[in-house]
Amino acid sequence: LLQRLRCSRITGRLFLCAMVPIALYVAISDLTPDALLTFIMLNVVSICINNDFLRRPVVFGALIGILGFLTYIAKAYGFYLFILFSAGMLVIHWISAQPVERRRLRIFAGVMIVVFCIASVSWMAALHWKYNRWMLSAAGSYTYALNGPQGDSFNVDSNGGLMSPPHAAATSVWEDPTYIASIPWSPFESRANFAHQIRLIKRNISRIVGIMLEFSLLSPALIGVILLLALGILNIAPPRRRMLQIMFLAMIASGLGYIPIVVLLRHLGLVNVLLLAMTALIFDSIVRSDQKILSRPGIFCAAVFILLSFAIKPLDSIRYTYDGQKDAAIEQQRIIAALPQLRGASLASNSNWHVTLNFAFRIGMRYFGQTKTSDEKGIINEVSKFPIAYFMYWAPMREELPFKFYGAEPIATGSVKSGAFGIYSSQKNSK
């Protein structure tokens with residue numbers, strides 16, 4: 001992307017250094033779907049950032065159409081993101097294009113739309129064949145329902161109860177949320193629902209502001225400068241203004257769709273990278289300016305200051321993630337070494353849904369979720385309805401673990417930051 005921005009080698013190296021902590025954080029965290037979407041969209045933005053693609057409109061139109069389809073495959077929101085971005089990008093290029101370029105732009109747009117539509121409709125047809133209904137994806141509708149007025153009543157993480165994974169190779173029910181029962185809602189059904197939607201929007205806008213400040217404390221100032229440059233209020237070379245406009249469009253589009261539902265840090269990964277890239281472009285323009293806005297020491301200090309503002313949060317997150325996962329990873333390795341029979345077996349728990357899911361995923365177990373009840377009799381009654389071989393009982397401390405469960409002692413015990421656990425064999429299902 002920095003090469004497509006035509007930044008100097010020094011600027012490119014400086015701002016690649018700022019990307020190292022971000023890349024490391026993504027590598028050790030569980031942001032895979034959103035990281036994949038970010039990677040694909042960065043390639044789309046890199047190709048469309050200037051008008052070089054108009055030299056071969058058919059080839060690049062097909063390429064962007066395929067990449068657009070891959071954004072949809074990576075995450076359902078990618079479908080809307082690509083449509084919104086590509087429409088805005090075409091308008092931006094059309095405004096500054098010459099007559100010959102506009103003809104090539106029409107060819108490019110036509111090929112892109114045809115390829116994207118054919119590929120996307122093929123995928124939708126496959127979904128229709130499997131689920132017997134037309135849809136883009138089930139994840140979006142379930143997440144929207146989950147954040148509705150009655151979302152807590154069927155939340156798989158807390159109140160959903162035990163659920164069978166959708167197929168034999170699935171780690172949990174989350175691998176295909178199509179089968180999870182939910183309560184649909186609309187903000188226009190009642191005044192209470194409309195008020196709930198307004199609260200969601202307010203909450204999510206507040207979250208975006210907070211996450212942007214976590215990316216960099218300079219984010220508000222940087223976004224303000226970018227907006228002034230993109231609108232032409234501040235002076236910058238026209239080609240670079242167009243680059244800023246396209247990246248700013250992609251940044252807005254990538255976060256816009258989450259505002260009515262829920263906003264998490266992982267949703268704004270593309271925003272973070274594009275904000276860093278736009279900062280690099282502005283910094284490079286200042287360095288190359290004939291007006292000598294900053295001296296060499298000033299340029300160096302500004303570069304270090306900006307880099308640190310983007311690196312502090314990822315570095316702190318790496319430390320936090322490492323500390324949080326280190327104990328769990330050690331316990332997982334110890335248990336799987338002592339109990340290799342756990343691989344491929346089924347598991348349930350009484351609490352700590354996310355920690356247990358991570359445990360099951362890394363060991364290779366099928367996780368049926370956590371029980372609705374917490375007493376031994378209720379748990380055994382609930383577990384008996386499913387082919388569950390092992391149960392992970394969580395307690396604040398080791399001393400509070402039951403000495404016997406299912407009439408037997410635990411086959412393994414351990415503790416992590418979130419509590420102590422004992423793994424018990426279900427006599428009914430482990431014979």
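Arg6 is partly exposed in this predicted model. Its relative accessible area is 42%. Partly exposed residues fall between the 20% limit for buried and the 50% limit for exposed, so a value of 42% places Arg6 in that middle class. Arg6 belongs to the segment before helix H1, which spans residues 9-28. The backbone of Arg6 has a phi near 60°. That value is positive, and Arg6 is not a glycine.

A positive phi also occurs at Asn352, with a value of about 55°. Asn352 is likewise a residue other than glycine. The loop that holds Asn352 runs between strand S1 (346-349) and helix H12 (353-363). Asn352 has a relative accessible area of 23%. Because buried means under 20%, Asn352 counts as partly exposed.

The chain as a whole provides the setting for these residues. The protein chain has 431 residues, and buried residues make up 48% of them. Its secondary structure comprises 14 helices and 5 strands. Along the principal axes, the C-alpha atoms fill a box of roughly 80 × 55 × 45 Å. Contacts were also sorted by separation along the sequence. Among contacts with a separation of 6 or more, 67% join residues 24 or more positions apart.

Helix H4 takes part in two helix pairings described here. One partner is helix H9. H4 covers residues 77-96, and H9 covers residues 238-256. The two helices pack at an angle of about 160°, and their axes are 9 Å apart. Angles over 145 degrees count as roughly antiparallel, so H4 and H9 are roughly antiparallel to each other. Their crossing is right-handed. On the H4 side, the contact includes Tyr77, Leu81, Leu84, Phe85, Gly88, Met89, Ile92, His93 and Ser96. These meet Arg242, Gln245, Ile246, Leu249, Ala250, Ala253, Ser254 and Leu256 in H9. By class, the contact of H4 with H9 has 11 nonpolar, 5 polar and 1 charged residues.

The other partner is helix H3, residues 57-74. H3 and H4 pack at an angle of about 145°, with axes 6 Å apart. H3 contributes Ile64, Gly68, Thr71 and Tyr72 to the contact. H4 contributes Gly78, Phe79 and Phe82. This contact of H3 with H4 has 4 nonpolar and 3 polar residues, with no charged residues.

A further group of contacts involves Phe215 and Ser309. Phe215 is in helix H7, which spans residues 191-215. Its relative accessibility is 6%, so Phe215 counts as buried. Beyond its neighbours within four places in sequence, Phe215 is in contact with Leu265, Leu268, Val271, Asn272, Ser309 and Phe310. Leu265 is 50 residues away from Phe215 along the chain. Their C-alpha atoms are separated by 9.6 Å.

Ser309 sits in helix H11 (residues 296-338). Ser309 has a relative accessibility of 12% and therefore counts as buried. With residues up to four places away in sequence left out, Ser309 touches Phe215, Ser216, Leu217 and Leu218. Between Ser309 and Ser216, the side chains make a polar contact at 2.9 Å.

Definitions and conventions: Residues are numbered from 1 along each chain as its sequence is written. This is a predicted model: local features need pLDDT of at least 70, side-chain atom pairs count only at pLDDT 80 or more; totals for chains, interfaces and linings use all residues. Side-chain values use heavy atoms; hydrogens and water are left out. Axes are lines fitted to C-alpha atoms, for helices over the stretch in contact, and angles run from 0 to 180 degrees between N-to-C directions. Helices (H or I, at least four residues) and strands (E, at least two) are DSSP runs, numbered from the N terminus. Angles under 35 degrees count as roughly parallel, over 145 as roughly antiparallel, 65 to 115 as roughly perpendicular and the rest as oblique. A crossing is left-handed if the near helix is turned anticlockwise from the far one by less than a right angle, and right-handed if clockwise. Contact means heavy atoms within 4.5 Å. Ala, Val, Leu, Ile, Met, Phe, Trp, Tyr, Cys and Pro count as nonpolar, Asp, Glu, Lys and Arg as charged, and the others, Gly among them, as polar. Buried means under 20% relative accessible area, exposed over 50%, partly exposed in between (1.4 Å probe, protein chains only). A polar contact is a pair of N or O atoms within 3.5 Å; within protein, one must be able to donate a hydrogen and the other to accept it, and residues adjacent in sequence count only if both atoms are side-chain atoms.
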